[in-house]
Amino acid sequence: MYVDDPTYKNITYKNDGDRVCFLLKGVELTDGREKPDKYYTEKYDTTNKKYTITFDSSLGDVGSGVIKVNDGLLTSVEVAVNTNTKKTSMTFNAKDKFLYEVVGRPEVGDTAITILKPATKGERLVV
């Protein structure tokens with residue numbers, strides 16, 4: 001049996017219970033402002049629970065491959081680079097419908113992709 005090293009890089013997954021996010025080191029997909037300019041496109045397939053972001057590979061190198069998560073939220077994340085179009089895509093394969101918030105953080109030189117459970121009808125926020 002051979003175990004290959006993953007070919008994706010500069011990606012960290014954090015699931016602290018109350019905050020679930022991916023950090024893309026060295027990749028800034030927004031300008032970090034309150035109403036940010038987006039440097040990516042997004043597509044959400046609610047039927048298959050797949051969320052895909054696509055960005056120019058020149059914005060940062062995250063490699064390619066499959067990140068197997070298999071927790072209560074996600075099964076995996078597929079990272080692919082199209083060398084013809086010079087675009088990188090990340091497809092999040094979820095177990096349920098979620099909201100995805102993509103925030104560039106220029107002060108630390110990365111992007112945080114936060115996964116949020118949408119509020120159900122009748123839920124209220126208590127602060």
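Of the 127 residues in the chain, 34% are buried, where buried means under 20% relative accessible area with a 1.4 Å probe, protein chains only. This is a predicted model, where local features need pLDDT of at least 70, side-chain atom pairs count only at pLDDT 80 or more, and totals for chains, interfaces and linings use all residues. Residues are numbered from 1 along each chain as its sequence is written, and side-chain values use heavy atoms, with hydrogens and water left out.

The chain has nine strands and zero helices; strands are DSSP E runs of at least two residues, and helices are H or I runs of at least four, numbered from the N terminus. The radius of gyration is 15 Å, close to the 14 Å from the globule rule for 127 residues, so the chain is as compact as a globular protein of that length. That radius is taken over C-alpha atoms, and the rule is 2.2 Å times the number of residues to the power 0.38.

Now the core. The largest nonpolar core holds 25 residues, and Phe 22, Leu 74, Met 90 and Phe 92 have the most contacts inside it. Such a core is a set of buried Ala, Val, Leu, Ile, Met, Phe, Trp, Tyr and Cys residues joined through side-chain atoms within 4.5 Å. Two or more residues each come from β2 (20-25), β4 (50-56), β6 (74-82), β7 (87-94), β8 (99-105) and β9 (110-116). Leaving out residues up to four places away in sequence, Met 90 touches, among others, Ile 11, Leu 24, Phe 55 and Val 77, contact being heavy atoms within 4.5 Å.

Conventions
Buried < 20%, exposed > 50% of the residue type's maximum accessible area, 1.4 Å probe, protein only.
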